[in-house]
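Subject: Structure handover

Hello,

Here is the structure I promised to pass on. Please open it first, then read the notes below.

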Amino acid sequence: MGSSQGANPSASPLRLLSPLGAVAIIVGIVIGAGIFKTPSMVAGITGDVGWAITIWIAGALISLMGALCYAELATLYPHAGGDYHFLTRAYGKNVSFLYGWAKAMVINTGSIALLAFVFGDYMTKVLPLGAHSSLYWAFLIVIALTLINLIGIHASANVQTVLTVLEVAGLVAIIIAGFGLFGNAPPPVDNQPLFSNTPQLGMLGLGMVFVLLTFGGWNESAYISAELKGTSKTIVSVIVISLVVITIIYLLVNIALINGLGLKALASSKAAPADLLGLVFGPVGEKLLGLFVAVAALTSINATMIVGARTNYAMGEDWDGLSKMGKWESSRGTPTFAYLVQGVISLALVGFGALQSDGFEAMVEFTAPVFWTFLLLVGLGLFVLRFKDRSPRPFSVPLYPITPLIFCAACAYLAYSSIMYAHSKGAVEISFYVMLAGLVALLILRFRKIS
C-alpha cells in the first residue's frame, strides 16, 4: 500500500501547513454559496421554526460524526491522498483507482466548475464582460486560482485565509442585519410557536438532504493530514474546531434570517439574504451580497483545488502510467502536474456546462451520486480497517460502532436520494458513463503493468 512507483521518494509532502491555514481550508470548502440558498429551501420544506433549526443541528451532528470517523483514519494513515489512501488500504488499488478517477473527472473538477459558474453569475452583476460574461469569468477564475496554487502551499493557504475571512464577514453582515444590530432594524415578525407544525417524515428527510449538502466538504480535511504542522492528533482538533465554527455560523445565519424576515417570507424568497440586507441597508446591501456570494464561491473553488490535486498526486504514486502526477515539488509543497491535470479537466467541464441550459444544475446532477456513494464506502472502510489492522489508534472514534453506523446510514440515504434526483432529470447516465470510462482506464493500466 502507498507505494511510490512513479514518484521521487525524496520529494514527498512536508508538514508546512499551519493549523490556522488548515481550518481556513476546511471552513472555505464547507461554507460555499449553498448557505445563501438552502435556508429558504429548508424553511419552505419544514414550515416550522423549531423543526427548521432542529434539522440544521441534526445535520451538524451527523457531519461531526463523519468527521470523527475521518479523524481516526487520518491520524492512523496520514497521507496526501486522503480518502483515496483510506480506500486503498480498505479495499485495494482497484477500488481506490475508481474513486480517484471519479474525483479527477467528476467530483472535484465538477465542484470547481459549478462553483465557477456561481462566481461568474454574481461577478457579471458587478462587472459584466459581454454576452457570455458568466462563462468568461468562470474560465478566468479557474485559470487564475490554478496558477496561484502552482506557486505553492503557502500562497494557497494565505489566499484561502484571506478569502475565508471575507466570506465569514459577509455572513456576519447577514447576522447583524437579522438581529438589527446595525442599520435600519427589520420590522418585528410574528413567527408561529416552535414545533407547532410537524412536517411529514419524508419532508424532514428532504430537508436533511439540503442541510447535509450545505455541510458537505469537511471530509477533504483528510487530504491535508500529511502536511499539517504538529502531532498526528492535531488534525482532530482542526476538524472539530472547523465544524464548530461552521455550525455556529450556519445557526446564526438561519436564526437571523428567520428573525429578520419571518419564516413565511424566508420560505418564499428566492434570495433571502439579499432581501434582508436590502431591507436593512438599502440597495447597497443587496449589491454587496453579490460580492459576498462571489467570494464564497471563490473560497470554495480554491480550497477544492488544494485537496483535489492531492488525489491526483496519490494516484500518480500508485500507478506507473500516471507517474507524472505523482511528483511532488517539496520546495513549494505542491504537486505541480496534478494541478495542471485538474485545471484542464475543470476547464473542460466549464465548457460542457456552458452547453447545458443550467451549468450549475448540470454539475450537481452528475457529481452528487458519485460523491455520496464513495463517501459511504469510506465510512464502511472504517469497519474494514478495524478488522484488518489491529494497530493502536492515535485517535479512536467515540461510541464505536454507533457513530460510524449513523454516518454510513446518512451517506446511504444521500446516495439514494441524489441518484433518484439525477434519474428524474435524466442525468444519472452521465455518472454511469464516466465511471465506465474509469473502469476501461483501470483495465488499460492493469494490462500495461502485466505486459
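Which residue lies over the face of tryptophan 319? Lysine 93 does, at 4.6 Å from the ring centre. Keep in mind that this is a predicted model.

The aromatic rings come next. The whole structure holds 14 aromatic pairs. One of them joins phenylalanine 97 and tryptophan 319. Their centres are 5.3 Å apart, with 65° between the planes, and the pair is edge-to-face. Phenylalanine 97 sits in helix α5 (residues 93-126), while tryptophan 319 is in the loop between α12 (283-318) and α13 (336-354), so the pair ties together parts that are 222 residues apart in sequence. Both phenylalanine 97 and tryptophan 319 are buried.

Phenylalanine 371 and tryptophan 372 also pair up. Their ring centres lie 4.9 Å apart and their planes meet at 75°, so this pair is edge-to-face. Phenylalanine 371 has 15% relative accessibility and counts as buried. Tryptophan 372 counts as buried too, at 6%.

There is also an aromatic cluster. Its members are Tyr70, Phe86, Trp218 and Phe407.

Another charge sits over a ring: arginine 386 lies over the face of tyrosine 400. The distance to the ring centre is 3.8 Å.

Last, a look at threonine 146. It belongs to helix α6 (residues 133-151). Why does threonine 146 count as buried? Its relative accessibility is 9%, and buried means under 20%. Leaving aside residues up to four places away in sequence, threonine 146 touches Met305, Tyr339 and Gly343.

Best wishes

Key
Residues are numbered from 1 along each chain as its sequence is written. This is a predicted model: local features need pLDDT of at least 70, side-chain atom pairs count only at pLDDT 80 or more; totals for chains, interfaces and linings use all residues. Side-chain values use heavy atoms; hydrogens and water are left out. Helices (H or I, at least four residues) and strands (E, at least two) are DSSP runs, numbered from the N terminus. Buried means under 20% relative accessible area, exposed over 50%, partly exposed in between (1.4 Å probe, protein chains only). Contact means heavy atoms within 4.5 Å. Rings of Phe, Tyr and Trp (its six-membered ring) pair if their centres lie within 6.5 Å; planes under 30 degrees apart count as stacked, over 60 as edge-to-face and the rest as tilted. A charge sits over a ring if NZ of Lys or CZ of Arg is within 6 Å of the ring centre and within 35 degrees of the ring normal.
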